[in-house]
Amino acid sequence: MMTLQGWRSMFANELKQKFMQSGLWERYKEEWVWELAVVDMSLIEQAYEHMTECEQKVLQELLKGHLLKPLNESALIAELSQRLGRPRQQCTAVLQSFAEAGLIMLFRHPWQGNHWLMPLPIFHSWRAALLRPLDKHVLAELPEELLQHCSYAASVPLRLRLLLFVHQLSSQPPSFTKQGSLSKTTIKQLLKEQEKLGDVRPLEQAWKHWFAGSSCGVEAFMLELAGDLGLVEMNKQGIKLNQAQLGSWLKQSQQAQDDLIWQWLLQQLLQLCDRSTLLPFNDMLHSNGSWIQLQLEQPEQRQNTVALLQLFSFCGLMSYAQGNGEQAKQLYARREFAAPSYDALHVEANAELLLLPGTRPLLIWNALDAAEVISLQEVLLLRLTPVSLQGCIARGHSIDEIRSWLQGHGQAELPVLVQQLLQTAAAAIASEQVEPDKRQLPLIPLTEAEPEGLDSYYELRPLRAWGSYCGNPLGLLLQAELLDPHTVCEHLRCEDVALLTRSWQQELRRYHGSTILQIVEAAIKFGFGLYVRLDGQLRHIVPQFLEERNGKWYMTAAIYARPMHHPLEIELSSIEAIQLDVDKGKGA
């Protein structure tokens, strides 16, 4: 996954300033910076209104998901030309203008040439603002006959499993084999903790469905996720927690964490799903929690769509329903939202800590530091014990800090048993029965600061760890050179136009047959349109290819900007007049 902050870090400030000087953003450059302008819904709508018709058509095609995966430069231009009925030079000019505005990126692939890519956060925002693809498929409520066939989101979401997984890595550093993989003892300990949240096998099976033959278990899946989010880092000594990023992650709300995990799943699946199957899951990230009827274009999409629904459901992100009988082909899905943020815990008389749905992740982390787990379901139940408190102290928290934390998030007057446990732990410290932990463990302050108010959709660190488990080919591309469109896209422009006869570009007139052939060849080579007069009627066309049959030359051409029309076949000798349409701009 690469979020907007990740893309932002790849650009020098000078380049980002150039983005804002482009024709798309120039009118906003005094009040906006690129990072905010490129994802602001209202600004996107305004920018779209100022685009030419050709720019709008190209953008609409890109928002169908063509650039969710890297696409070869020439292949993209050819595909846009064919789909839109526009000359290649126009499509090229539009792509260049989008690159100069920072909407799409151009990479130099190590051996496959230049590739275009649209960053996922930009794609999300522009597609949601301009297409609103789900609006016509929203249901007021799920049909009653389908309720019995509904599969609801897992009560234990992936974000909670991740939190417990990373916390265990912090309290019990893992051991490794000589080959560098997690040892069987460590895997057994990690899975034992995960089972406290319920059976983990459905999630593991749903994920493995997309990686046929993978022998990796859920611990590798969790480690991959933690690594991509920047919570843990691999080095020669093993796994190390990134304390700064972990602190930032824990200050996010539960909903913000769900948003980022959703994006991560999308990015991992991009290389495995066709875009028509994956796009509804992209679009539902912007949904309001209503039931959506999924539109399946092809029958074979159903199996993959159901497999994706199962994965997102087991991650606690989505509920879905399948029709039965005559409605067997119908699929419905609903995005699930985390409970509103809750900043308190209940300290019971028996020293148990009760954490309700919506409890902020940092508060859950601190509770895991101070107490032993009893139950981790929708309501989290933990218990303060002498051992848990002594372990918390060993990790660097003082008795006064623990007491202040309990009072600050619970009630001012702590139960008698809790006070006795604190006194017992303090006595153990005084008698030096607790040895300070010498390991480098993260210390997340129990005295919490206010949430930083980050926009979770865009504010994650750049992710560099693609890992071996997912084996995402996009990782290789992101190691490639990112090209500056202002300085290295000159190859997209047709500098050879100056060598063409000026009259071909400026005059609509009759030419000798050999000259007409030269003009048509030039149009096809450089990607230009043509004006031709046939039977006294002027036609604007986009030539596609030439063919000689029985000593005569025939041109196949699309009608300009009318891709749905059947292509024309024109015998060159029937052309009464011809002119090159040397439009190097962005079209009307």
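This is a predicted model: local features need pLDDT of at least 70, side-chain atom pairs count only at pLDDT 80 or more; totals for chains, interfaces and linings use all residues.
**Helices around H12**

Start with helix H12, which spans residues 218–228. Two packed helices are described by the angle between their axes and the distance between the axes. The table gives both values for two helix pairs.

| Helix pair | Angle between axes | Distance between axes |
|---|---|---|
| H9 (residues 158–171) and H12 | about 90° | 10 Å |
| H10 (residues 184–194) and H12 | about 85° | 10 Å |

H9 and H12 pack at an angle of about 90°. That makes H9 roughly perpendicular to H12, because angles of 65 to 115 degrees count as such. H10 packs against H12 at about 85°. H10 is therefore roughly perpendicular to H12 as well.

Which residues of H9 meet H12? They are Leu158, Arg161, Leu162, Phe165, Val166 and Leu169. On the H12 side, the contact is made by Glu219, Phe221, Met222, Leu223, Leu225 and Ala226. By class, this contact of H9 with H12 holds 10 nonpolar and 2 charged residues, with no polar ones.

The contact of H10 with H12 has its own list. Ile187, Leu190, Leu191 and Gln194 come from H10. Val218, Glu219 and Met222 come from H12. These residues divide into 5 nonpolar, 1 polar and 1 charged.

Glu219 and Met222 of H12 meet H9. Glu219 and Met222 also meet H10.

**A sheet and its helix**

Now turn to an open sheet of 5 strands. Its order is S4-S8-S10-S9-S5, and the pairing is antiparallel. Which strands form the edges? They are S4 (138–139) and S5 (150–151), each of which pairs on one side only.

Strand S9 covers residues 318–322, and strand S10 covers residues 331–335. The two run antiparallel and are joined by 5 bridges. Met318 stands opposite Arg335 in S10.

Helix H16 (residues 301–314) lies across S5, S9 and S10. H16 runs at about 140° to S9.

**Two loop residues with positive phi**

Asp535 sits in the loop between strand S16 (529–534) and strand S17 (537–549). Its phi is near 50°, a positive value in a residue other than glycine. Is Asp535 buried or exposed? Asp535 has a relative accessible area of 76%. The cut-off for exposed is over 50%, so Asp535 is exposed.

Asn550 lies in the loop between S17 and strand S18 (552–559). Phi of Asn550 is near 55°, again positive in a residue other than glycine. Asn550 counts as exposed because its relative accessibility is 81%.

Note on methods:
Residues are numbered from 1 along each chain as its sequence is written. Side-chain values use heavy atoms; hydrogens and water are left out. Axes are lines fitted to C-alpha atoms, for helices over the stretch in contact, and angles run from 0 to 180 degrees between N-to-C directions. Helices (H or I, at least four residues) and strands (E, at least two) are DSSP runs, numbered from the N terminus. Angles under 35 degrees count as roughly parallel, over 145 as roughly antiparallel, 65 to 115 as roughly perpendicular and the rest as oblique. Contact means heavy atoms within 4.5 Å. Ala, Val, Leu, Ile, Met, Phe, Trp, Tyr, Cys and Pro count as nonpolar, Asp, Glu, Lys and Arg as charged, and the others, Gly among them, as polar. Two strands pair if DSSP finds at least two bridges between them. Buried means under 20% relative accessible area, exposed over 50%, partly exposed in between (1.4 Å probe, protein chains only).
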